[in-house]
Amino acid sequence: MKALRAMLRLMVGQPSYDAYLAHMAQRHPHATPMSRVEFFRNREQARYGGAGGGKCC
Amino acid sequence: MKHIPWILLAIVGAIGLAVLATSRGEPVNALWIVVAAVSCFLVAYRYYALYIARNVMRLDPLRATPAHTLADGLDYVATDKRVLFGHHFAAIAGAGPLVGPVLAAQMGYLPGTLWIIFGVVLAGAVQDFMVLFISMRRDGKSLGELVRLEMGPVAGTIALAGAFLIMVIILAVLALIVVRALAESPWGMFTVAATIPLALAMGVYTRWIRPGRIGEVSLLGFLGLIAAIVFGQNVAASPFWGPLFTFTPETLCWILIGYGALASILPVWLLLAPRDYLSTFLKIGAITALAIGIVVMAPDLRMPALTPFVDGGGPAWSGSLFPFLFITIACGAVSGFHALIASGTTPKLIGSEVDAPFIGYGAMLMEAFVAIMALVGASILDPGIYFAMNSPAAVLGSDPASAAQAVTTMGYPVSAETLAQTARDVGEHTIVSRTGGAPTLAVAMAEIFSHILGGTAMKAFWYHFAILFEALFILTAVDAGTRAGRFMLQDLIGLVVPSFRAGTSWVPGVVATGLCVASWGFFLYQGVTDPLGGVNTLWPVFGISNQMLAAVALMLATTVLFRMKQQRYAWVTAVPTVWLLICTLTAGSLKLVSADPAVGFLSHAARFAAAIEAGVVLAPAKSMAKMRAIVFNDRIDAALCAVFLAVVLSLLFFTIRTCLAALRADRPIVNESPAQMVPAE
């Protein structure tokens, strides 16, 4: 069920926020991570705002 | 011992294929197609994908992927393989696998079925898998960068320019399908128009009210969609609102062009993102429902296995089985566009090299399954209805009586009453000459869904549900594609004028967006005003370009295998490359120089130009101005075909040159990122 939720979110370009927090804690422990909402907006912009937003026919 | 279940599965698949191939005349159940396809796909996945992974690519579970070496928690994230499979599948599956097989059904169900099954196993899935592998070993670089890296800067630029042209054609043909589905259909038009305020409201909700709650907002949006479909019936019936939502194809074309320009400069969170949620989830849901529906209903196929149109002369599209079937079904069998996806976000998210077969090869098999379902959908309809929907108005006339007579003359007897009744059942004024594939599939989906839920009374609801589902994700693709095309164009122009690149000022962005919309808008307008319906002209050009991009991707893969000194396995990619080159080069040159005006653009132009000289107006044109437009459009299309041929031939030259250089070298010369071990957890 958790995997299904993660799959549906990634289908629209939203990766796991928990994985992001884990990454920040492990690699950049002194930096302040983005909040959940900031993370959501960052990913939204990355998916649709840039050149990477391609989809198939 | 472990092979026994697989051998049994292979036997089941062979029986399925044998039943399909040998039945003539007697009713065949559609499940035979499904059984044959699924068994072939599973056996191919178990053996061929594994063979490629182990021997050709030599995937290494200990070698770190970009998600580990470049981990940033944002773009590069090691992701569970099932989650990533869903992401990749949602990105590759769109309107292509639904429309192509429906159009291909004019030759009967057998040729399309065989091409989808064998095409995906030997070409399509191999291409996706190889490009994913190549990109994964090179920090998740994009297709253009990969061609540049392995074959040189000139080849890279040619590939980028080719990809932009293909994007333009895809956007035009997708928009044309929407125009054909929504023209003169107030119910359909209202529901699709309603998605815009709905998406704007959802955008505001995710921005300020409950940021990030995708599930919640999608559910609310979905309820809105259902309400729009239900309410659309009243709108269509209303003497005031009905005509307000009834548009001619030309008006719709201009609306779409204006919409495309506007939508691609609005903030993404306002329109594009929320509509993408709706269209993605609706797409996955509708595909799942269709699969369940086909299995539960187990309908008989009513289209014959083969029709006389295998020799050419079909009403939906011109040309004989070879080479035109192989470009009509592009997505679903092999699609070059996937090379852009497989070198996009997916290689940056893959957690382990050994997940690549499941995601690269597996997701493409899944798309082929979608294509099989679309083919089944078109084939369970009465062939008379199928041809009445898919022939141009120039052949059918405009009313059910003339259409019924024309289709009966083709050899598929159907009564005017059947056509009128079918239109009434799905809540439309007419179904005659509703070309483009989407309405045909919608009638089939209405047939299947209403069999399970609601009966005949619900048919009109399900028809408009299906139209909405198709139109919604096509509009999302048009919007997202215009944005992507804009960046491609800025990169390309930036090669000559560096100040044109993204990020310098807003002027180049607006100019590039305008150019991009104008390019696809031109082909859309040409298709809409084409007296033969447009799909006839544009779909083959789209198919040729898409398959040529696939050939380019497979040539890149062949080059990489030579440079890895794995050339003894190069047949894995070289065989599909050669087949695609044969098909696309033949089809491209036929479109260019065939003496048959129904096939060749130049001979068609010559025929109309000669008539203009003589001062005669040829049907289906109605005026001299229309005649000149036809000649002009034909010449543009011919030039486009010539450009595609030049792109693919020049890349073939670069491939051969690079492969020969690799053969002469005494050691591997790949540009892979250095191998690192997966970090211990």
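In chain B, B:A175, B:V178, B:V179 and B:L182 of helix α8(B) meet B:P249, B:L252, B:C253 and B:L256 of α12(B). Sorted by class, that contact comes out as eight nonpolar residues, with no polar and no charged ones. As for the geometry, α8(B) and α12(B), the latter spanning residues 249-263, pack at an angle of about 135° with their axes 9 Å apart. Angles over 145 degrees would count as roughly antiparallel and 65 to 115 as roughly perpendicular; the pair is therefore oblique. The crossing of α8(B) and α12(B) is right-handed.

Keep in mind that this is a predicted model. The predictor gives the complex an ipTM of 0.92 and a pTM of 0.95. Here is how the two chains score:

| Chain | Mean pLDDT | Residues at 70 or more |
|---|---|---|
| chain A | 86 | 84% |
| chain B | 93 | 99% |

Within chain A, the helix with the lowest confidence is α3 (residues 36-49), at a mean of 88, while α2 (residues 17-27) has the highest, at 94.

Now for where the chains touch. The contact draws 44 residues from chain B and 32 residues from chain A. On the chain B side, five elements each supply at least two residues: α4 (81-92), α8 (153-182), α13 (272-297), α15 (338-342) and α23 (459-496). So which helix gives the most to the side of chain B that touches chain A? That's α4(B), with seven residues. By class, the chain B side has 27 nonpolar, twelve polar and five charged residues. Helix α8(B) turns up here too, as one of the elements supplying that side, besides packing on α12(B).

Helix α1 of chain A covers residues 2-11, and A:A6, A:M7, A:L8, A:R9, A:L10 and A:M11 are buried in it. What covers these buried residues of α1(A)? The cover includes α4, α10 (214-237) and α13 of chain B. Two of those names, α4 and α13, are also among the helices that each supply at least two residues to the chain B side of the contact. After α1(A) comes A:G13, whose phi is positive, near 85°.

Technical notes. Residues numbered from 1 in each chain as written. Chains lettered and ligands numbered in written order. Predicted model: local features only at pLDDT ≥ 70, side-chain atom pairs only at ≥ 80, totals over all residues. Contact = placed C-beta atoms within 7 Å. Helix = DSSP H or I, 4+ residues; strand = E, 2+ residues; numbered from the N terminus. Nonpolar A, V, L, I, M, F, W, Y, C, P; charged D, E, K, R; others polar. Buried ≥ 20, exposed ≤ 12 C-beta atoms within 10 Å, placed from the backbone. pLDDT = per-residue confidence, 0-100. Axes fitted to C-alpha atoms, helices over the stretch in contact; angles between N-to-C directions. Parallel < 35°, antiparallel > 145°, perpendicular 65-115°, else oblique. Left-handed = near helix turned anticlockwise from the far one by under 90°.
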